[in-house]
Amino acid sequence: MIEKTLKGKPAYWVWLAFLGMLMAIGAACYIRQYNFGLGMTGMSRDVSWGLYISQFTFLVGVAAGGVMLVLPYYIHNYKEFGRITILGEFLAIGAIVMCLMFIMADLGQPMRALNVVLYPSPRSMLFYDAIVLNGYLFLNILCGWVILTAEKKQVKPPKWIYFFVYLSIPFAVSIHTVTAMLYCGLPGRHFWLSAIIAPRFLASAFAAGPALIIIACLVLKRVAGFDAGRKAMNKLVTIIIYAAMLNMFFVGLEFFVGYYSNIPGHKYALEYLFFGLEHHGQVYNNLVPFMWAFVILAFGAIAVLATPAAKKNDFVLGLGCVALFIAFWLDKGIGFVIAGFIPSPLHEITEYVPTVNELGITVGIWATGFLVVTLLYKIAIGVEHEIEG
Amino acid sequence: MDKARRTFLKIAGASVVAGMAAPAVMKLTATPALASSEGHAAPAAHAPVGGGHAEETPTVMRLGMVIDTRKLNAKEGLIDEAIAACIAAHNIPQFPDKKSEIKWIWKAPFENVFTDHSVRLGSKKITDNDFPVLCNHCDEPPCCKACPTQATFKVEATGIVAMDFHRCIGCRFCMAACPYGARSFNWQDPRPYVKSYNPDFPTRMKGVVEKCNFCGERLALGQEPACVEACKGTGAITFGDLNDPKSEIRAVLDKDFTIQRRPTTGTNPSVFYIV
């Protein structure tokens with residue numbers, strides 16, 4: 001089936017070349033970082049995680065979001081998702097590849113990464129994160145490939161594969177739960193030390209992941225003649241709206257706990273994110289525009305997706321999904337991780353601004369993920385066209 | 001092995017006679033666990049200290065420190081001498097910018113060190129004095145729990161939270177986990193920024209985390225920690241075994257009211273402060 005990636009229209013090749021160029025830039029930036037050290041980034045002693053770990057956190061959610069297709073299709077036998085479930089599985093593969101690359105980019109000593117395997121440490125949440133992420137990657141490759149192969153041969157998938165399909169559902173939940181536990185188990189960081197983090201992560205994942213799948217479907221409809229079907233997409237919209245509203249509700253609960261209890265530690269990070277934190281006469285508010293953009297885009301997207309126009313009009317639907325995806329990226333892919341370091345344990349405030357080199361690596365990794373997803377989608381749609389044509 | 005054992009017995013006997021007067025350092029080095037061979041370390045039993053636990057008879061040491069900030073601030077420049085001694089002993093690089101800085105022990109105002117305490121209407125002692133900050137060598141260290149490779153770990157025989165610079169992958173999970181901001185990361189090659197090189201302690205490479213090690217390497221040679229030695233004679237820093245009721249440090253703890261940093265995090269620090 002891999003041969004399907006080798007034939008395509010000029011636009012396909014231009015797209016791949018574009019991604020390849022971004023990847024080359026990312027690789028060049030990474031070589032610079034590898035040689036000099038992580039000092040090439042904007043991270044510091046006080047803000048010791050930055051864009052890499054926040055992208056990782058967000059993308060774990062995108063990967064987990066694929067389960068919103070797998071679960072209705074395989075558990076509830078919702079046939080409309082039949083054509084696009086494979087897209088969810090392949091998106092998860094691309095997302096996890098990006099996650100692993102972001103982790104590698106963030107390591108000070110990447111050549112020692114295997115120490116995680118050589119000295120397994122079951123008390124560390126990273127140990128479990130490595131297990132579930134790699135497990136989920138493996139499950140999606142296995143299930144996606146076996147089911148697509150069966151489809152190509154126009155036979156029923158082998159029965160044994162369903163064991164792994166069902167297994168992938170709790171795995172999807174676990175990857176984002178364990179990723180939340182990286183944060184919410186740390187005693188010294190008030191913003192992260194909240195039991196709502198895992199549910200919030202899952203809610204935003206179940207909105208952002210399917211939103212990206214709808215965007216992909218709309219693109220594929222235009223460029224590849226692949227129609228996911230309105231009914232399937234409208235069902236996804238319903239899922240997205242509920243999940244997005246849950247996420248906003250959970251964010252609101254954080255505000256209630258912080259501001260009603262009036263415990264300073266619970267308020268600092270929220271204050272910093274949304275209003276600017278005043279400290280020794282100076283106001284620190286780098287992220288305020290991003291966070292209000294998140295709020296406006298999120299509610300705007302929910303409103304747009306809830307209109308009847310979104311049910312019929314591709315443009316409206318696409319607009320809503322893009323807005324929602326960006327909103328939740330701002331929330332989890334920028335705000336959540338960085339604000340956890342504000343203020344530092346010694347109540348100092350250091351603001352974080354990524355460097356150009358860091359952005360280059362980040363863009364390069366995103367491009368790699370898009371390349372993986374593009375190639376996998378090319379295969380999936382090539383098979384669809386083959387059996388239809 | 002036999003020799004270490006003999007020394008231990010000899011000094012242990014001597015300290016029974018000398019009682020509390022026996023210097024803490026002699027007792028420390030007398031313990032086989034701190035000699036170079038680790039074969040005969042005492043059994044690693046958990047020994048909860050304070051925190052409302054009933055006192056058990058601990059079988060292992062728990063090294064700790066009482067910092068008398070009154071005495072430390074009484075002598076001009078004493079804190080800086082202690083910090084300088086640490087920098088010289090451990091090849092700690094001195095970066096010009098705050099972004100890359102590496103600190104094992106440093107000084108900060110009261111409000112930054114004791115973030116759980118109010119400084120409102122505080123006395124001059126609180127607003128004017130400097131307070132040294134270092135790794136607390138917690139009884140329940142969150143950093144060790146977070147580390148995915150056990151590159152940072154608690155030495156059960158002494159309670160020291162130690163680092164293996166060669167195993168650390170530089171994920172900085174420990175830095176996020178530490179409630180005390182005690183850990184630093186080598187954002188770049190630190191060697192060009194080491195001012196005076198001490199060949200007895202390794203320099204680090206880029207991409208690994210480091211922090212105060214309670215001078216484990218000096219204790220093994222029978223020396224006091226560098227900062228303690230720098231304050232010798234002033235009584236500003238008392239170092240010793242918190243689990244030994246007869247130790248000098250316990251006598252100091254008995255006498256004065258002490259506080260720990262962020263006790264609400266449940267880490268049970270081994271560094272105590274007299275304000």
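**Exercise 1. State how many helices and strands chain B has, and what percentage of its residues count as buried.**

Solution. Chain B has 11 helices and 9 strands; helices (H or I, at least four residues) and strands (E, at least two) are DSSP runs, numbered from the N terminus. The model is predicted, so local features need pLDDT of at least 70 and side-chain atom pairs count only at pLDDT 80 or more, while totals for chains, interfaces and linings use all residues. Residues are numbered from 1 along each chain as its sequence is written, and chains are lettered from A and ligands numbered from 1 in the order in which they are written. A residue is buried if 20 or more other C-beta atoms, placed from the backbone, lie within 10 Å of its own, exposed if 12 or fewer, and partly exposed in between. Of the 275 residues of chain B, 47% count as buried.

**Exercise 2. Describe the side of chain B that touches chain A.**

Solution. Two residues are in contact if their C-beta atoms, placed from the backbone, lie within 7 Å. Chain B brings 41 residues to the contact and chain A brings 31 residues. On the chain B side, two or more residues each come from helices H5 (110-113), H7 (142-146) and H8 (173-177) and from strand E6 (184-185). H8(B) gives the most, with 4 residues.

**Exercise 3. Decide whether Phe299(A) is buried, partly exposed or exposed.**

Solution. Phe299(A) lies in helix H11 (residues 288-306) of chain A. Phe299(A) is partly exposed because 16 other C-beta atoms lie within 10 Å.
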